[in-house]
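Please read them with the structure open.

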Amino acid sequence: MYCNCDDPTWSNFFKFFTKWGVKLGIREVHFTNYANGKREFKQLTLFDLDDLVDSAEDDKKGTAHHWIYTPATNKTIKRELKGNGDFASEECVAILEKCDIVITNPPFSIFNDFLALLIKHKKQYLIISDDNKLSNVDIFPLVKDNKLWLGYTRVKKFLQPDGSYAVFGNKCWYTNLQVSYRKQPIILHPQDLSQFKKYDNFDAIEILKRTATTAVDKF
Ligand SMILES: C[S@@+](CC[C@H](N)C(=O)[O-])C[C@H]1O[C@@H](n2cnc3c(N)ncnc32)[C@H](O)[C@@H]1O
């Protein structure tokens with residue numbers, strides 16, 4: 001597994017893998033953090049493993065790291081990266097190439113570039129973003145081509161550096177891992193299409209209301 005936008009000293013993904021890694025049979029989880037020298041606050045250190053220390057000082061210096069966590073031994077090793085941990089950097093892409101699945105909450109502002117990188121390297125992924133990305137001009141073709149779909153749940157609460165939670169209504173999982181609802185047939189209901197308005201500038205009709213019939217409709 002690779003969490004390529006994650007500092008394990010404060011990422012909840014790390015917490016998840018320390019709890020479930022063995023049960024899920026995960027061999028290694030790799031983490032790289034991004035140190036752009038802008039972090040002024042001290043992150044909450046969520047974990048008490050000896051070899052994990054808060055990296056806020058390193059971030060200020062622009063020093064990023066690569067951690068490898070092995071669930072079977074509950075040990076983490078850490079080495080300094082040459083660059084700042086940008087997911088698109090040569091050294092992070094080298095880690096990406098070796099991993100099977102990427103799981104993270106990438107920066108939403110560069111989500112399209114992030115996803116394009118995963119697709120270019122033919123990775124499986126489970127990543128968080130805004131649900132309005134689905135209609136984005138770069139993202140929708142991936143849905144059409146069966147390269148991306150929604151995960152099972154929405155992500156509602158995010159733990160903030162000060163310990164409080166930010167609550168959102170528009171964040172979801174994007175994935176290309178198999179999900180059971182994709183095996184259910186979509187029940188199509190014959191409609192009189194003339195009842196729907198046609199767009200002037202696009203060959204499509206506007207359907208404002210529909211009835212939820214499948215798991216994904218109810219999502
Ligand atoms: C929305 S936060 C999520 C943090 C973490 N994944 C988590 O769930 O707790 C996005 C993270 O992406 C990092 N980031 C921003 N630009 C990046 C880049 N070019 N390469 C790698 N990480 C980046 C930021 O430092 C930030 O920690």
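The points below cover the basis of the model, its fold, its core and its ligand shell.

1. This is a predicted model, in which local features need pLDDT of at least 70, side-chain atom pairs count only at pLDDT 80 or more, and totals for chains, interfaces and linings use all residues. Residues are numbered from 1 along each chain as its sequence is written.

2. The protein has six helices and 12 strands (DSSP runs numbered from the N terminus: H or I of at least four residues for helices, E of at least two for strands).

3. Strand 5 (residues 101–104) and strand 6 (residues 124–130) run parallel and are joined by four bridges; strands pair if DSSP finds at least two bridges between them. In this pairing Val-102 is opposite Tyr-125. On strand 10 (residues 171–175), which is antiparallel to strand 6 and joined to it by five bridges, Trp-173 faces Ile-128.

4. The largest nonpolar core has 28 residues, and Val-102 and Leu-118 are among those with the most contacts inside it. Such a core is a set of buried Ala, Val, Leu, Ile, Met, Phe, Trp, Tyr and Cys residues joined through C-beta atoms within 7 Å, where buried requires 20 or more other C-beta atoms within 10 Å of the residue's own, C-beta atoms being placed from the backbone. Helix 4 (residues 111–120) gives the most to this core, four residues.

5. Around the ligand are 13 residues, counted if the C-beta atom, placed from the backbone, lies within 6 Å of it. Cys-5, Tyr-34, Phe-87, Asn-105 and Pro-107 are the closest.

Note on methods:
A residue is buried if 20 or more other C-beta atoms lie within 10 Å of its own, exposed if 12 or fewer, and partly exposed in between; C-beta atoms are placed from the backbone.
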